[in-house]
Protein chains: 4
Amino acid sequence: MSQTTFKARDPDFAQRVRHSFARQEFMTFLGVELAGVSAGFAEIRLPYQKGLTQQHGFFHGGAIGTLADNAGGYAAFSLLSAKDAILTVEYKVNMMAPAIGDALVARGRVLRSGRQLSVSHTDVFSIKDGVEKLVATSLGTFMTVIGVADTEMGV
Amino acid sequence: MSQTTFKARDPDFAQRVRHSFARQEFMTFLGVELAGVSAGFAEIRLPYQKGLTQQHGFFHGGAIGTLADNAGGYAAFSLLSAKDAILTVEYKVNMMAPAIGDALVARGRVLRSGRQLSVSHTDVFSIKDGVEKLVATSLGTFMTVIGVADTEMGV
Amino acid sequence: MSQTTFKARDPDFAQRVRHSFARQEFMTFLGVELAGVSAGFAEIRLPYQKGLTQQHGFFHGGAIGTLADNAGGYAAFSLLSAKDAILTVEYKVNMMAPAIGDALVARGRVLRSGRQLSVSHTDVFSIKDGVEKLVATSLGTFMTVIGVADTEMGV
Amino acid sequence: MSQTTFKARDPDFAQRVRHSFARQEFMTFLGVELAGVSAGFAEIRLPYQKGLTQQHGFFHGGAIGTLADNAGGYAAFSLLSAKDAILTVEYKVNMMAPAIGDALVARGRVLRSGRQLSVSHTDVFSIKDGVEKLVATSLGTFMTVIGVADTEMGV
């Protein structure tokens, strides 16, 4: 993976990401925390609870996909102007290993930040006794809703 | 989409799907119900609650992806022998419209049921005042864990 | 798959699709023919030649992916205005069976035709002795380049 | 992207990859060359010719997808035993920028090498006047055909 460095257009991007993230009821519901933000990067973390598991006791693939979508989306959102919102166009996630442990952590990195479309790559790791293991990898595409601030958009 | 008809190898497939589905803590946690099963097909349903929304008030893309993964996976699982378990290899989901309404329903159909790998296609609809709207479409790949029954597998 | 019917905005869409298709040097190089167009639908066909095979003698997955991308893209292009061009954002293709036979045929259908983004689903079949077999299925996302006609765009 | 180091099981993996690659008629047809192989890695290169372009004069997305599939697949194949063949299960490719230049180069890296399934990530670059530009990124899944050597498989 070629690593690209991005410069944020909005100097207050980190606060804007945190604010938007906090408005996602689903993240609160699942217990996902925003662990870190920088320009073109977001890290989120989901502590284990039994309610997140599938039929074999592993973290559910849907929870893993949710993290992949969200870390990739907020990585992309960090590079937008303060006047624009973001929507997920699509994402694809490969499960690499059964996810067992104390928590999941997802790290999303922007690969392309275009005017209309962004592409992010996100790795999801399980953490058990402090050891990280790659459990999923994902590519996602996100659309900029130009001229509609994140807080103005919605139902 | 070419429609294929499948014959289940396990006559008790519907009960086996229901039993496995019920063991998924994450589905209980989210409120997802198994609404229908036939050979190579599964329908699941998720009633709206505020805890499922993203920052703009729509159903969260992660919840939508979870339904896509699960309906596709159980469609594939319905065609396995009673001695085999299933795991998600990967899935890809395209968001087609903001998902608003009283519930989401996902219908997964098997396109290929091979010895080791199955492929399913799943459509996700929002339901508002009884009217369905396509909000997402998905392709998923699933691996048969040969010789390990669903109830034997796990942590 | 829910089937949607679309109405073309450009009455001359079929000619526009044919004209654009004919300008693709890669299709001529491979021998791909445009077999049919309607509003939101395109069918393309690739006769077998040894030069299209992979190491086991099957049609190469790259050729199959090319058909999936192209049929899906022209299905979407058929619904655009005459003033707009189209670009592939991403596609995903699942291989369902080894592709052997006299020809491949790909049928692309639009699932969503938005202002900026279209989503198509494409099935690819092998044809052997007149019998069709599903060998691949694909989802693709395409971006409208608004206000730049297909013939104006380019290097 | 977490970088993983792999150890090849077959000491003659590089020769095995070269031999298999050379048997792909489609690569010869397109002019794709195998530029480098190491354990879990493959680099392939496609010089520009007009026959590879789409309607706007860019490298065709199908050619780009072909490279992504092939570099990812041979990266995975390098880690198999000499007794096993490989087949593409699925791949997904995101187009990042119009591909213009003297050549395309694709670098595939294995993320997971399991008994039955491998996952690779591939970046595709255009090269113009010696400068590389990322034009596409891809994730692919590949299946090991256990106990059937690459040269034994086929039509």
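Guide: Two strands pair if DSSP finds at least two bridges between them. Helices (H or I, at least four residues) and strands (E, at least two residues) are DSSP runs, numbered from the N terminus. This is a predicted model, in which local features need pLDDT of at least 70 and side-chain atom pairs count only at pLDDT 80 or more, while totals for chains, interfaces and linings use all residues. Residues are numbered from 1 along each chain as its sequence is written, and chains are lettered from A, ligands numbered from 1, in the order in which they are written.

Visitor: How many bridges join β5(B) to strand β6 of chain B?

Guide: Strands of a sheet pair through backbone hydrogen bonds, either parallel or antiparallel. Here β5(B) and β6(B) (residues 131-145) run antiparallel and are joined by twelve bridges.

Visitor: Which strand pairs with β5(B) over ten bridges?

Guide: That is strand β4 (residues 103-113) of chain B, again in the antiparallel sense. Leu104(B) has Ser126(B) as its bridge partner in β5(B), and a hairpin of three residues joins β4(B) to β5(B).

Visitor: Is strand β5 of chain B mostly covered or mostly open?

Guide: A residue is buried if 20 or more other C-beta atoms, placed from the backbone, lie within 10 Å of its own; it is exposed if there are 12 or fewer, and partly exposed in between. In β5(B) (residues 117-128), ten of the twelve residues are buried, and the strand is mostly covered. Lys7(D) is a case of exposure, because it has 8 C-beta neighbours inside 10 Å. Lys7(D) lies in the segment before α1 (13-22) of chain D. The C-alpha atom of Lys7(D) is 24 Å from that of Tyr91(D), 84 residues apart along the chain.

Visitor: In what order do the twelve strands of the open sheet stand?

Guide: The order is β1(C)-β2(C)-β4(C)-β5(C)-β6(C)-β3(C)-β3(D)-β6(D)-β5(D)-β4(D)-β2(D)-β1(D), with antiparallel pairing. The edges are β1 (33-38) of chain C and β1 (33-38) of chain D, each with a single partner strand, so one side of each has no neighbour in the sheet. Neighbouring strands are turned by 20° against each other on average, direction ignored. Within this order, strand β2 (residues 41-47) of chain C pairs with strand β4 (residues 103-113) of chain C over seven bridges in the antiparallel sense. There, Phe41(C) has Arg109(C) as its bridge partner in β4(C).

Visitor: Which helix lies across β1 and β2 of chain C, and at about what angle to β1(C) does that helix run?

Guide: Axes are lines fitted to C-alpha atoms, for helices over the stretch in contact, and angles run from 0 to 180 degrees between N-to-C directions. The helix is α1 (residues 13-22) of chain C, running at about 160° to β1(C). Helix α3 (residues 61-77) of chain D runs at about 40° to β4(D); among the strands it lies across are β3 (85-95) of chain C and β3 (85-95) of chain D.

Visitor: How many residues has helix α3 of chain A, and what does the helix reach from its first C-alpha to its last?

Guide: The expected span is 1.5 Å times one less than the number of residues. Helix α3(A) (residues 61-77) has 17 residues and reaches 24 Å, close to the expected 24 Å. Of its 17 residues, 17 are buried.

Visitor: How many residues does the contact take from chain B and from chain A?

Guide: Two residues are in contact if their C-beta atoms, placed from the backbone, lie within 7 Å. The contact takes 36 residues from chain B and 36 from chain A. On the side of chain B that touches chain A, α2 (25-30), α3 (61-77) and β3 (85-95) each supply at least two residues, and β3(B) gives the most, with eight. By class, this side has twelve nonpolar residues (Ala, Val, Leu, Ile, Met, Phe, Trp, Tyr, Cys and Pro), seven charged ones (Asp, Glu, Lys and Arg) and 17 polar ones (the others, Gly among them). β3(A) and β3(B) pair in the antiparallel sense over five bridges, with Asn94(A) opposite Glu90(B).

Visitor: How many residues does the contact take from chain A and from chain C?

Guide: Seven come from chain A and seven from chain C. β3(A) gives the most to the side of chain A that touches chain C, with three residues.
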